[in-house]
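The sequence and model are shown first.

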Amino acid sequence: MKITINGVPTEADAGPDDVVVDVLRDGLGLTGAKAVCRTGVCGACTIKVDGTPQVSCLLPATAVEGRAVVTAEGLDHPVQRAFMAHDGLQCGYCTPGFVVEAAAFVDAWREEHGDVAPPRERIAAAMAGHLCRCGAYAGIYAAIEAACRGEHDSGTPTPARVEAVEKVTGRARYTTDIRHDGQWEGVIIRSTRAHALVTSVDVDGTTVDLLPPDRIVRYAGQPIAAVAAPTRREALAVAEAARIGYEPLPAALDDTPGAPPVYDERTRKKAPSSGEGLTLPGGWNGNVHGPFTGASRRGGTAVKRIEAARRRADPLLVTGTYTTAVQVHTPLEPHACVARWDERGDLHLHLSTQTVAMAAERAAKRWKLDANRVHVVAEHVGGGFGAKAGITVETVAAVELARACRAPVRVVLSRAEELTDAGNRPGTRAGIALLADEKGDLSALAVDVHGRGGVSVGSAVALHARLVYGTAPRRLRDFDVVTNEPPGTPFRGPGAPPLLWALEQAVDEMAHRLEEDPIALRRRWDGNPKRRALYERAAELPLWRDRPRTGSQTGRHRRGVGVAAANWFYAVSPGTEVELEVEDDVVVARTATQDIGTGIRSVIAGILREELGLPADRIRVEIGRSGTVPGPASLGSRTTTSVAPAARDAARRLRAQGMTPGTKVVGKRRRDRGGYVTPFAVQGMAIGRGFSGAVHVTEVEVDTRMGTVRPLRVWGGIATGHIYADRPARNQCEGGIIQGIGYALYEERHVDPTTGTVLTANLEDYRIPGIGDTPEMTIHFHQDGWDHVNGRGVGLGEVSTIGVAASVANAVHNATGWRPHDLPIRPDRLLEGIRA
């Protein structure tokens, strides 16, 4: 087939069933177009065909014969420079598709309207077919507006992050882009039953066993085996023809008492954890694990006060039951691994991971290798949000298949697999009782949370209520309700969003009963000085001062403003180091961490420029590889606060020693003044002293006819101390708001109640926020209060998102007088609620 690719006449092999994205990627080695959804929903595979943007995952290869195709690699357009300057990206996996579409829009707009910025609504309409799971939409808006004004027609902008050029041109290489000579493709065969004993596995081809020792599958979608073939199409055919024998077992697909057991006494201890390896102690009663009450404080007193208030019908006792749906991580780069054994017996892994060093360590242990014989590479990672930690099934499959095939093997999860068995935030049911005394002070709190994380345990929600609103008595109980559904895994702020969904609405309700400003009540109850500073700033916002009186509006469209606070641990990896080496006249920085979109390369580069007085072209940051000095995992908001002080220490050591070519120094992260709460690191992480804080003030418009909620404006106050790289930090906080809005309004995994099959297995049925869902956002950083911390700054990834959903709910209540109890706030629920 003859085709012109980026201006070059090209011969391409393509069969009648091939689509363009596969021809580009596998046949021609062009990786800018990403195969993410394969249903034309996400836009990551967008290319131009004869000047018109099209999604290449649905476009037959035969349809472009003799035509001109342009991919992100072939663009040289002002919009790419605008994306670099305005930080219209994070992980960058969706970025090539965005820039191809945006380039076409900018050209058409300027031709018709001249050099003026279009309204946000026009940009949103043009970009409606594109998704960014990181939520970098604010920067995308700004970039397109600037490009339309002609601001980047010439010149070279200073990029907001150092890898921006690679990402906007599609040259950044992710694990899904890796292809070795002779590489085979692997596919995982998964259970079609929610609970069964697998009696036989009959596969015609190279296969490896992925079943647990008891050979029992406990959810639909659980891995059974993996197969490999020279092409993915062949591997899929082998997997499709596999014959699996099952002996059905009764399945627990709801949380009703008396449901069939998921585990017996022997296998309970092997239940996976949904909370960063944390399994809270507690007994078992059928499929219910718990309660864990260790976070309570004077729990008996709290219960006595609450029960006495019930008996006297105290109006200052606020009670309620709040539920949250299962939320799926769904990073746009799916879980992926390319495994290769070399002639010496060393294991090489290209891995989409948040834990380069941990993955290498666990791989060495699993395959009984010396640590220096495992080599993990994660040059770029297309998002993670907590789901890509350690060694997961795609890695096991790829490694075992590579050994069996004696060839490199790539295993990439499909979008259906990603939405089924690659991680989720467990659903919850929280009962809450909040009591104030006659002075309006917090008198008692009780929180009972039943987490539903499928076959996993450790949802750990109620315990977060120990850390907020002073020291009043509180009984906190966490339960896990185990079902035959896919397991939960840690998700950005694990446990906190469902707790705050309930608690922050209860606090809001208490403010109404006390006839007190909701911000003023929080300021009075909350002893955290950093959050108190945020309350004071938020209370003066015109957005807050001009809010309507709750329930006062009539008519179809009603505006509401709500507030919610958030609290998060300060975590750190104390053993973090950064190595600097002078190569010719370039300073090279190395550490075994990774960048999942948070901008750690830019943090390191910025510190070196500041400390050494060097221009950007004399600094190179090399991360995403094991085998260098220790670096942190990208989990728990600890990457920047761990790496930045070590980079500064290394720069000062190098400056003192002199920057002679060949010089090498290692900088360490010194301990904070006063040390850490935990005297030793667990899995490389210690808990530091103090808590980060956030306050979000959200304005929404409620359509009382259609039942929709449209976020209009969000002010986010973030108290995490020193900000090392301003624009990427703001981008992270804006993305956190977007993910919180998705949790509040759209995201909900559905499982067939009879078969246990996940029904929301594509990006049409599982809805994540798009650019049109983006409110206008203002981020305020409060940078005081962390002087005891080495570097004076802590992580902001979790705290910037965990309270957002509650602020949306409180805004809906302000607009309508109806309080949401079930998340997401679907149109049917809203309409039923306001009618009642």
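About 70 Å³ of space lies in the second largest cavity of this predicted model. A cavity is a set of points, on a 1 Å grid over the protein atoms alone, where a 1.4 Å probe fits but cannot get out, and its lining residues have an atom within 4 Å of a point. Grid points are joined across faces, edges and corners, and the volume is the space filled by probe spheres set on them. H464, W568 and F569 are among the residues lining the second largest cavity. The structure holds 8 cavities of 30 Å³ or more.

| Cavity | Volume | Lining by class |
|---|---|---|
| Largest | about 560 Å³ | 15 nonpolar, 18 polar, 4 charged residues |

Ala, Val, Leu, Ile, Met, Phe, Trp, Tyr, Cys and Pro count as nonpolar, Asp, Glu, Lys and Arg as charged, and the others, Gly among them, as polar.

Of the 37 residues lining the largest cavity, T598, S637, Q732, L796 and G797 lie nearest its centre.

The largest nonpolar core has 135 residues, and F83, I144, L434 and I825 touch the most other members. Such a core joins buried (under 20% relative accessible area, 1.4 Å probe, protein chains only) Ala, Val, Leu, Ile, Met, Phe, Trp, Tyr and Cys residues through side-chain atoms within 4.5 Å.

Residues are numbered from 1 along each chain as its sequence is written. Local features need pLDDT of at least 70, side-chain atom pairs count only at pLDDT 80 or more, and totals for chains, interfaces and linings use all residues; side-chain values use heavy atoms, without hydrogens and water.

How values were computed: 1 Å grid on protein atoms, 1.4 Å probe; cavity = no way out; pocket = protein on both sides within 12 Å on 5 of 7 lines; lining within 4 Å. Buried < 20%, exposed > 50% of the residue type's maximum accessible area, 1.4 Å probe, protein only.
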